[in-house]
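Dear colleague,

I am handing over the structure we spoke about, with the sequence alongside. Please look through it first, and then read the notes that follow.

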Amino acid sequence: MSVLVFLEFNNNELKETSKQALTYANGINKNVYAISESKISNDVVESLGKFGVSIYLINAVDFKENNILKCIIPTIEEFKINCIIFPKTNSFSYLSSILSTKLNFPLINNVNSVARFENKICLKSTIFSGKAEADIEIDSNSCILVLNKNIINSASYKKSVIIKNLINKNDNSLSNNVVSLKKEKLEGDILLNDADIVVSAGRGLKGPENWKMIEKLAKILNAGTACSKPVSDAGWRPHHEHVGQTGLKISPNIYIAVGISGAIQHLAGVNSSKIIVVINNDSEAPFFKHADYGIIGDAFDVIPKFIDALK
Ligand SMILES: Cc1cc2nc3c(=O)[nH]c(=O)nc-3n(C[C@H](O)[C@H](O)[C@H](O)COP(=O)(O)OP(=O)(O)OC[C@H]3O[C@@H](n4cnc5c(N)ncnc54)[C@H](O)[C@@H]3O)c2cc1C
């Protein structure tokens, strides 16, 4: 299989989920192609060898539908790439679906295991908002895999990167009817999908003015901040912090839930976190059943003490 990995950078630094995707790809074929929408410097391209990139496709276009048709798909066809790997992020969900449709490659979301390539492609993926795992068999010699975070540890390699240009098929018949795509820059120092630790709070905090202690705790822990749906619906926090069935699905190493009851719709977005810590003043709160560690107490008491202890 010839493998292409879509990478994401944060200020010229390769994201951990992309490093994991490259390690995954190297397990399939050592000759790994990579591409990114970010314009990165030559130094950074050369440094990608240590993360497992063999061939970097220099990209002068953004991933709008026209460019996908004129450049990305012809390049995939030219290099006979038949396995495309994405780390799971919001920005890639559109791209993975469009490539699957246009190339007629089966798309498997939420991949949760290393794939075995026998007569069929066999792997596991999480389903029902992460509550169950399905054994998937794909009867095809091509696939698009969208990987859950942390299913593999990133490894280091000693490769020199070969640079190739994208094919540009300037064919006017490939125009389409997308009128515009708008990208918004998200606020916050650490984006939720990248955060190893997430401090999340719910309606138990009573009002937006009380988030200062959550932000302070997050800063000390180098964590991202999240919230429950009613909190973002009420405008206490921005919508991109909302986690759950109808929000972001995250898998940090540590998820700290403060004043969140643990409704099933909230759990759907966070139950694949490695360690869950719950702080709630109601010992009957459903979240405690899913917690690795629990503190029964008033958040306004516990969080300042927690911050003092960490200091
Ligand atoms: C179709 C659908 C989709 C949904 N999708 C989502 C989703 O994606 N994400 C999501 O979060 N919700 C979602 N919901 C809403 C969900 O059902 C819950 O209503 C919501 O998660 C509750 O938010 P909460 O825990 O912040 O608030 P509450 O349920 O009001 O819980 C507040 C908690 O704070 C505790 N508390 C109160 N005061 C303190 C204090 N001083 N110190 C410590 N603890 C305190 C309380 O004991 C309580 O457990 C969805 C609902 C539906 C119907």
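Which are the buried residues of H1? They are Thr17, Ser18, Lys19, Gln20, Ala21, Leu22, Thr23, Tyr24, Ala25 and Asn26. Helix H1 spans residues 16–26, and because 10 of its 11 residues are buried, the helix is largely enclosed by the rest of the structure. Please keep in mind throughout that this is a predicted model.

Glutamate 8 sits in the loop between strand E1 (3–7) and strand E2 (9–10), and because its relative accessibility is 14%, under the 20% limit, it counts as buried. Setting aside residues up to four places away in sequence, glutamate 8 touches Ser18 of the list above, together with Glu13, Leu14, Lys15, Thr89, Ser91 and Phe92. Glycine 52, for its part, belongs to the loop between helix H2 (42–47) and strand E5 (55–58), and with a relative accessible area of 0% it is buried. With residues up to four places away again left out, glycine 52 touches Asn26, Val32, Tyr157 and Lys159.

In total, 26 residues surround the ligand, and the closest are Arg203, Ser228, Ser261, Gln265 and Asn280. Of the 980 Å² of accessible area that the ligand has on its own, the protein covers 75%.

Threonine 225 lies in strand E14 (residues 224–227) and, at 14% relative accessibility, counts as buried. Its side chain is joined to that of glutamate 241 by a polar contact of 2.8 Å, and, apart from neighbours within four places in sequence, threonine 225 is in contact with Leu192, Val199, Ile214, Ala218 and Arg237 as well as with Glu241.

Glutamate 133 lies in strand E10 (residues 132–138). Is glutamate 133 buried, exposed or partly exposed? Its relative accessibility is 44%, so it counts as partly exposed, given that the class runs between the 20% and 50% limits. A polar contact of 2.8 Å joins its side chain to that of asparagine 112, and, not counting residues up to four places away in sequence, glutamate 133 also touches Lys124, Ser125, Thr126 and Ile127. The C-alpha atom of glutamate 133 is separated by 40 Å from that of asparagine 168, which is 35 residues apart from it along the chain.

With best wishes

Terms used:
Residues numbered from 1 in each chain as written. Predicted model: local features only at pLDDT ≥ 70, side-chain atom pairs only at ≥ 80, totals over all residues. Heavy atoms only, no water. Helix = DSSP H or I, 4+ residues; strand = E, 2+ residues; numbered from the N terminus. Buried < 20%, exposed > 50% of the residue type's maximum accessible area, 1.4 Å probe, protein only. Contact = heavy atoms within 4.5 Å. Polar contact = N/O pair within 3.5 Å; in protein donor to acceptor, adjacent residues only side chain to side chain. Near = heavy atom within 4 Å. Areas by Shrake-Rupley, 256 points an atom, 1.4 Å probe, with all protein chains shown as cover.
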